[in-house]
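Here are my notes on the model you sent. Please read them with the structure open.

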Amino acid sequence: MSRIAVFPGSFDPITIGHYDIVQRALPLFDKIIVAIGQNSNKKYLFSLEQRLDFLDRLWENEPKVERNAYKGLTTDFCKTENANYLLRGIRSAADFEYEKTIAQLNKDLNPDIETVFFMSAPQYSHISSTIVREILLNNGKAHRFLPAKIHELMVV
Ligand code: ADP
């Protein structure tokens, strides 16, 4: 059975912290699906099409990484993709508390799915999509927080 992981998130936009988590997790899995969860109550800076395009470009040379978007429960999406693992990142104690609740809830919803956590690299633990959006909206320099390819896409 192949080891398929779903990395769910908003990725508005994908940051260097997210990218690092996927790259470090790659040796553990046969396939990682970076999946954009759509929440109709949330307002996004980047459209779904833009965010999917970022993911396409970022991993265009990595056949083990796919991308997708979904609505509804993450565990239902995992089922449709035959994924038995969820991938998440932890930056802080606040992340830990939040992630623990979500992981336990998901385990309750589908006991076959295991959440695998990666600790943020120390140099990325202060980086979030929220901070990057704030910098971009105020014409600040966001290049150190974004994968180089994504930054290039934003400036052209
Ligand atoms: P969500 O909207 O579910 O919080 P995000 O796109 O913000 O989605 O994040 C997806 C996952 O990536 C979460 O597990 C989050 O903790 C993790 N993550 C976000 N930023 C970083 C970072 N800088 N380093 C490590 N993990 C991160």
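The points below cover the ligand site, the pocket and one loop.

1. Basis. This is a predicted model, in which local features need pLDDT of at least 70, side-chain atom pairs count only at pLDDT 80 or more, and totals for chains, interfaces and linings use all residues. Residues are numbered from 1 along each chain as its sequence is written, and side-chain values use heavy atoms, with hydrogens and water left out.

2. Ligand shell. The ligand is surrounded by 17 residues; a residue counts as near if one of its heavy atoms lies within 4 Å. Ser 10, Gly 89, Glu 99, Tyr 124 and Ile 127 are the closest. The shell has 6 nonpolar, 6 polar and 5 charged residues. Here Ala, Val, Leu, Ile, Met, Phe, Trp, Tyr, Cys and Pro count as nonpolar, Asp, Glu, Lys and Arg as charged, and the others, Gly among them, as polar.

3. Polar contacts (here, pairs of N or O atoms within 3.5 Å). Oxygen atoms of the ligand are involved each time. Glu 99 has a side-chain N or O atom 3.0 Å from one. For Arg 88, the distance from a polar side-chain atom to a ligand oxygen is 3.1 Å. For His 18, the corresponding distance is 3.2 Å. Of the 550 Å² of accessible area that the ligand has on its own, the protein covers 88% (Shrake-Rupley method, 1.4 Å probe).

4. Secondary structure at the site. S1 (4-9), H1 (16-25), S4 (85-90) and H4 (93-109) each supply at least two shell residues. Helices (H or I, at least four residues) and strands (E, at least two) are DSSP runs, numbered from the N terminus.

5. The ligand takes up the space of the largest pocket, with more than half of its atoms within 2 Å of the grid points. A pocket is an open set of points on a 1 Å grid over the protein atoms alone, where a 1.4 Å probe fits, with protein on both sides within 12 Å along at least five of seven lines; lining residues have an atom within 4 Å of a point. Its volume is about 1100 Å³, taken as the space filled by probe spheres set on the points, which are joined across faces, edges and corners. The lining has 46 residues, and Pro 8, Gly 9, Ser 10, Arg 88 and Tyr 98 are the closest to the pocket centre. H4 gives the most, with 8 residues.

6. Loop between S1 and H1. Pro 13 lies here, joined to Asp 12 by a cis peptide bond with omega about 0°. Phe 11 is in this loop too. Its phi is positive, near 50°. Most residues other than glycine have a negative phi, and most peptide bonds are trans.

Key
Polar contact = N/O pair within 3.5 Å; in protein donor to acceptor, adjacent residues only side chain to side chain.
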